[in-house]
Amino acid sequence: LFKPSRNQEDEPTVPRPAGGFDENPKAQLLETFTNEDVINILKRMAADDAPRDIDDPDLKLLAEYIEKAKSNKKAVDLLEASVAGFAAVMQSRRDAPDFYAEVSKGTGGAYSSVAAREPAKPKPSMKVLDKIGPSEESNRGSAEATFARLLEPFDLREAKVDADRMYNALSAEFPWMRDANEMVAKAVALAARSKTKAFKLKPVLLNGVPGIGKTRWIRRVSEISGIPTHVTNLSGVNTTKSIIGSERGWASARPSLPAYAFLSTDVANPIIYVDEIDKASGWEEVADAFLPMLEKETSGRYADIYLLGNMNLDAASFMFSANDLSKVSEAFLSRVDIVHVRAPNEREVGGVISAMLEEIGNEAMLDIFEIAELSERLRARSTEIYIRNTNLRMVRKFIEAEVGRTIWMPPGPKLVT
């Protein structure tokens, strides 16, 4: 399915318009885009409009190529062909700007006719709940009204990058987590072979000491793949209520964790991340509450005791983290793939520190020059802090404090260190 390579081309393939090129439309196309002003307007508008339909993989790939090629003066014919294909798809949508329709006319109708002839395929989706049982007479309609969205189909989301790009992106930032990086890349490769293309991971538990990047890694998997994540932390939890929910009749009654995951992510295949499963006060009982959700035989018809219906969890990806496996039951451990995560060394930690510096700088709305200056000034000191403490959380706190000082400091004499 997937074999990591050290020399992957970090450039998306150029998509061909549906139906391909023939000599006459291509000549018309190149003639249309001779005007540099038209080219620049198209690039800008196509890139700006891409987020309006971020779930459409074809538009996403086109927009990504356009973004990468904005400053590239080579292969103008291929770039503008991509832009024209983008314009044609946009023109076929009811909310498309008139500008795209004009561009499509300018290509002799070669692309608009294809768009009109081949309507967009419906996105793959699935139902996650078969029914919501009736409420008590005195409280009729509350569960049905509040959670009615769960009865409608949810989209099955495809990863927005291929296996090679997923592996390369994760390896650049987390080189010490090679086994985990390969696991995700293989899941992307397997999904690409499936009918729905929906991303899906087998249940996995990341085991390692605190502060070595487990939670950050899961967040980056979500960001790079485009698969939304629902996060819960079990530290101090002493009942199963937050996992399996509770029966109606109680003031604090609620559905199960997966129900909230579907609602918060709005997809049928979310990543459900459970942090610190070994920190729950009643750890064995709490962890074992997940067993019916992880078993292939029962995950497709998981009974929600609040909704009084069966949930289909087959497309969801469950990910867990722990610091001490001795505090997790054998029954639970037998149902997950365990990935042991070691602490990064001085050489390996550089990538994640650079990513932190850029991320925190962007959150503080620093410009690229401020971020570059900050990175140059703090990188060595951040590495020293990590080496001394072996904890990336402490590194992040240091960077956040320094970024805060960059934004504002009280007036008066400054202490130079």
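Helices (H or I, at least four residues) and strands (E, at least two) are DSSP runs, numbered from the N terminus. By that rule, the protein has 19 helices and 9 strands. This is a predicted model, in which local features need pLDDT of at least 70 and side-chain atom pairs count only at pLDDT 80 or more, while totals for chains, interfaces and linings use all residues. Residues are numbered from 1 along each chain as its sequence is written, and side-chain values use heavy atoms, with hydrogens and water left out.

**The protein overall**

- Of its 417 residues, 45% count as buried; buried means under 20% relative accessible area, exposed over 50%, and partly exposed in between (1.4 Å probe, protein chains only).
- A contact means heavy atoms within 4.5 Å. Among the contacts with a separation of 6 or more, 75% are between residues 24 or more positions apart.

**Helix α19**

- This helix covers residues 392-407, and its end C-alpha atoms are 23 Å apart, which agrees with the 22 Å that its 16 residues should span at 1.5 Å a residue. The expected span is 1.5 Å times one less than the number of residues.
- Which residues of α19 are buried? They are L392, V395, F398, I399, E402 and V403. These residues cover an arc of only 135 degrees around the axis, so they sit on the same side of α19; the arc is that of the directions from the helix axis to the C-beta atoms.
- On the face turned away from the buried side of α19 you will find the exposed residues K397 and I407.
- The cover over the buried residues of α19 includes α17 (349-363) and α18 (368-389).
- At the start of α19, a side-chain oxygen of N391 comes to within 2.8 Å of the backbone nitrogen of R393. A polar contact is a pair of N or O atoms within 3.5 Å; within protein, one must be able to donate a hydrogen and the other to accept it, and residues adjacent in sequence count only if both atoms are side-chain atoms.

**Helix α17 and what follows**

- With 15 residues, α17 reaches 21 Å from its first C-alpha to its last, close to the 21 Å expected at 1.5 Å a residue.
- The buried residues of α17 include V349, V352, I353 and A355. What do the buried residues of α17 pack against? Their partners are α8, α10 (214-225), α18 and α19.
- M365 lies in the loop between α17 and α18. Although M365 is not a glycine, it has a positive phi of about 60 degrees. M365 is exposed, with a relative accessible area of 74%.

**Residues to find in the 3D view**

- E173 belongs to helix α8 (residues 163-173). Is E173 buried or exposed? E173 is buried, with a relative accessible area of 6%.
- The side chain of E173 makes a polar contact with the side chain of R216 (3.0 Å). Not counting residues up to four places away in sequence, E173 touches R216, R220, G351, V352 and A355.
- S375, in helix α18, is buried too, at a relative accessible area of 9%. S375 and I399 are 24 residues apart in sequence, and their C-alpha atoms are 9.5 Å apart in space.
- K131 is in the loop between β1 (125-126) and α7 (142-146). At 47% relative accessibility, K131 counts as partly exposed.
- Leaving aside neighbours within four places in sequence, K131 is in contact with L151, L307, L308 and G309.
- E276 lies in the loop between β5 (271-275) and α13 (283-288). E276 is not a glycine, yet it has a positive phi of about 55 degrees.

**The second largest pocket**

- About 750 Å³ of space lies in this pocket. Of the 30 residues that line it, K200, L201, K202, P203 and D314 are the closest to its centre.
- On a 1 Å grid over the protein atoms alone, a pocket is an open set of points where a 1.4 Å probe fits, with protein on both sides within 12 Å along at least five of seven lines; lining residues have an atom within 4 Å of a point. Grid points are joined across faces, edges and corners, and a volume is the space filled by probe spheres set on the points.
- Which helix supplies the largest share of the lining of the second largest pocket? That is α9, with 5 residues.
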